[in-house]
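Q: I would like to learn how to read helix packing and aromatic pairs in a model. Please take me through one case.

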Amino acid sequence: MVRHILFWKFSDAVNDQNRDEVLAMLRASVKSLEGIPGLLSCEIGEAVKGSDCDFVFYAELESLDAVSAFQNHPLHLAHKKRSAPYVQSRLAADYEV
């Protein structure tokens with residue numbers, strides 16, 4: 001199994017007025033990933049105040065091959081496109097368990 005973790009910083013497109021709406025959209029977008037072959041689970045959450053990032057994406061996948069397939073799956077590509085305006089930077093890491 002592989003754990004796939006992303007740490008994201010919000011872009012300037014996210015502000016106090018739309019933050020909750022953006023987070024709700026991101027959660028719905030992540031939910032749309034369910035059913036991708038090899039994806040066992042995934043979730044997104046807002047980081048606690050004082051963290052070095054604004055939100056975290058966490059997924060468990062069957063294997064490294066599943067991670068590669070996930071990266072290029074149409075549902076994931078659509079999620080990345082929806083998320084792009086709200087992401088300033090990201091840090092990603094995968095590890096096998």
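Q: Which residues of helix 3 are buried?

A: In helix 3 (residues 74–83), His 76, His 79 and Ser 83 are buried. Buried means under 20% relative accessible area, exposed over 50%, and partly exposed in between, with a 1.4 Å probe and protein chains only. Helices (H or I, at least four residues) and strands (E, at least two) are DSSP runs, numbered from the N terminus. This is a predicted model, in which local features need pLDDT of at least 70, side-chain atom pairs count only at pLDDT 80 or more, and totals for chains, interfaces and linings use all residues. Residues are numbered from 1 along each chain as its sequence is written, and side-chain values use heavy atoms, with hydrogens and water left out.

Q: What do the buried residues of helix 3 pack against?

A: They pack against strand 1 (2–10), helix 1 (19–31), helix 2 (64–72) and strand 4 (87–96). Contact here means heavy atoms within 4.5 Å.

Q: What is in contact with His 76, leaving aside its neighbours within four places in sequence?

A: His 76 is in contact with Leu 33, Ile 36, Phe 70 and Gln 71, once those neighbours are left aside. The relative accessible area of His 76 is 5%. Leu 33 is 43 residues from His 76 along the chain, yet their C-alpha atoms are separated by 6.4 Å.

Q: How do the axes of helix 2 and helix 3 cross?

A: Two packed helices are described by the angle between their axes and the distance between the axes. Axes are lines fitted to C-alpha atoms, for helices over the stretch in contact, and angles run from 0 to 180 degrees between N-to-C directions. The axes of helix 2 and helix 3 come within 5 Å and cross at roughly 55°. That makes helix 2 oblique to helix 3; angles under 35 degrees count as roughly parallel, over 145 as roughly antiparallel, 65 to 115 as roughly perpendicular and the rest as oblique. Phe 70, Gln 71 and Asn 72 of helix 2 make the contact with Pro 74, His 76 and Leu 77 of helix 3.

Q: How do helix 1 and helix 3 cross?

A: Their axes come within 9 Å, at roughly 170°. Helix 1 is therefore roughly antiparallel to helix 3. Met 25, Leu 26, Ser 29 and Val 30 in helix 1 meet His 79, Arg 82 and Ser 83 in helix 3.

Q: How many aromatic pairs are there?

A: Rings of Phe, Tyr and Trp (its six-membered ring) pair if their centres lie within 6.5 Å; planes under 30 degrees apart count as stacked, over 60 as edge-to-face and the rest as tilted. The count comes to two aromatic pairs. Trp 8 and Phe 55 form an edge-to-face pair, 4.7 Å centre to centre with 80° between the planes. This pair links distant parts of the chain, with Trp 8 in strand 1 and Phe 55 in strand 3 (residues 55–61), 47 residues apart. Trp 8 and Phe 55 are both buried.
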